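Below are my notes on the model, point by point. Please read them with the structure open.

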Amino acid sequence: MKNEIPNYYFPGDAGSFDFQLPTKIIFGEGTVGRLGSEIKQLRGSRALIITSSGMPGRQSTKDIISDLDRAGITTNIYSSAPPEPSVDDVDKSFKFANKIKPDILIGLGGGSAMDVAKKVAVEIKVPKIMIATTAGSGSEVTHNSVLKVDGRKQSFTNIKLAADVAIVDPDLLITMSATGMVSSAMDAMAHAVESYGSRKGNAITRALALKAYVLTKNNISPALSGDAEGRRNIAMGSLMAGMALTGTGTTLGHALAYPLSDRGISHGLSLAIILPYLLELNRFDAGYADELKSFRQGYCVIPEITWNIMEMAREVDADDRHLSNNAREVTLQQIAEVYSAIRDESHNTGLGSR
Ligand SMILES: [Fe+2]
């Protein structure tokens, strides 16, 4: 595996910076068992868990609920947080929460469930604990919620969206599908690449981002074959990439991924599709791009969408918020070439998810 990771130096690196990470992080196998005591430390007794529809049936969720029951904590579950949630989905969760009147909110899931939970917790003014069940979004530590507004992804950023406690228990990844694990790990790798090269970066964010990239890259295969250390390392990589994002936000990779998500492709899969092209455009470990492309083709199918290449490229080109902080400038032509290459890939591959 090639490691051609460059050193970026920007004028801002020499100056002063703020780095604020208010979240208490609890990491390790079995740590989800500490949820009850963490709720009590935050003086909670009526918990509302916001999660996605597949979660209540999982044994790990049943274990969480019986743990809380034993700890004397009343628990309700709202399991209608959809993938790629919108502000309307937040509104529905908010209405449910208003009926239950919890004194603590738990976000359980990937980025979508946690982003809804974080936003609702701020609206009803209660503490929040995020439990990550994928290794990818970093939402358990970030200060933002990504929600669709009128069908388009928007990132709401506010330090109030930071969780009080983040629990990252690598054992929760055991039940993930291979496709889910690959696409979410590639979302985390994109976070690392984008944060590392961000013009808003500093010594701390770059150290976190670089370590996150190496951990995720080197451990995705062991994690897929069921290796506990590999699983632990991708969970840590995702967490560190999320921590790095709190100082920088995302840049080019997410700008390129949003038009895909806006056309129905999930966030993780969008980033898995984009990541090899991001490595090439940002000249970050670019020698790995081709190998990564064929690796991800083994797990992720690029869905058929209507490829309005120039329309999509123009949407990215107008996304100044992401592009202005990217390591390198990209032209409309380069962006269009990425989508053309992806369209060609989508026709040449598609062996099916596994
Ligand atoms: Fe992401």
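1. Two residues are in contact if their C-beta atoms, placed from the backbone, lie within 7 Å. Helices (H or I, at least four residues) and strands (E, at least two) are DSSP runs, numbered from the N terminus. With these terms, L252, G253, L256, A257, L260 and S261 in α8 meet H267, S270, L271, I273, I274, L275, L278 and L281 in α9. By class, this contact of α8 with α9 has 10 nonpolar, four polar and no charged residues. Here Ala, Val, Leu, Ile, Met, Phe, Trp, Tyr, Cys and Pro count as nonpolar, Asp, Glu, Lys and Arg as charged, and the others, Gly among them, as polar.

2. On the basis of the notes: the model is predicted, local features need pLDDT of at least 70, and side-chain atom pairs count only at pLDDT 80 or more, while totals for chains, interfaces and linings use all residues. Residues are numbered from 1 along each chain as its sequence is written.

3. The geometry of the α8 and α9 pair comes next. Helix α8 (residues 252-262) packs against α9 at an angle of about 140°, with the axes 8 Å apart. Axes are lines fitted to C-alpha atoms, for helices over the stretch in contact, and angles run from 0 to 180 degrees between N-to-C directions. The two helices are therefore oblique to each other; angles under 35 degrees count as roughly parallel, over 145 as roughly antiparallel, 65 to 115 as roughly perpendicular and the rest as oblique. The crossing of α8 and α9 is right-handed (near helix turned clockwise from the far one by less than a right angle; left-handed if anticlockwise).

4. On its other listed pairing, α9 (residues 267-281) has an axis that comes within 9 Å of that of α10 (residues 289-297), and the two cross at roughly 175°. That makes α9 roughly antiparallel to α10. A272, L275, P276, L279 and E280 in α9 meet A289, L292, K293 and R296 in α10. The residues of this contact divide into six nonpolar, no polar and three charged.

5. The axes of α6 (residues 203-224) and α7 (residues 228-248) come within 7 Å and cross at roughly 155°, which makes α6 roughly antiparallel to α7. The crossing of α6 and α7 is left-handed. Their contact has 14 nonpolar, nine polar and three charged residues.

6. Turning to the strands, an open sheet of six has the order β1-β8-β5-β4-β2-β3, with parallel pairing (two strands pair if DSSP finds at least two bridges between them). β1 and β3 (74-78) are the edge strands, each pairing on one side only. Neighbouring strands of the sheet are turned by 20° against each other on average, direction ignored. Within this order, β2 (residues 46-51) and β4 (residues 104-109) pair in the parallel sense over five bridges, and I49 stands opposite I106 in β4.

7. β6 (residues 144-149) and β7 pair in the antiparallel sense over six bridges. L147 stands opposite Q154 in β7. Two residues lie between the strands of this hairpin, where D150 takes a positive phi near 50°.

8. How is the chain divided into domains? The assignment gives domain 1 (24-173) and domain 2 (177-348); such bounds come from an automatic or database domain assignment. Their centres, taken over C-alpha atoms, are 24 Å apart.
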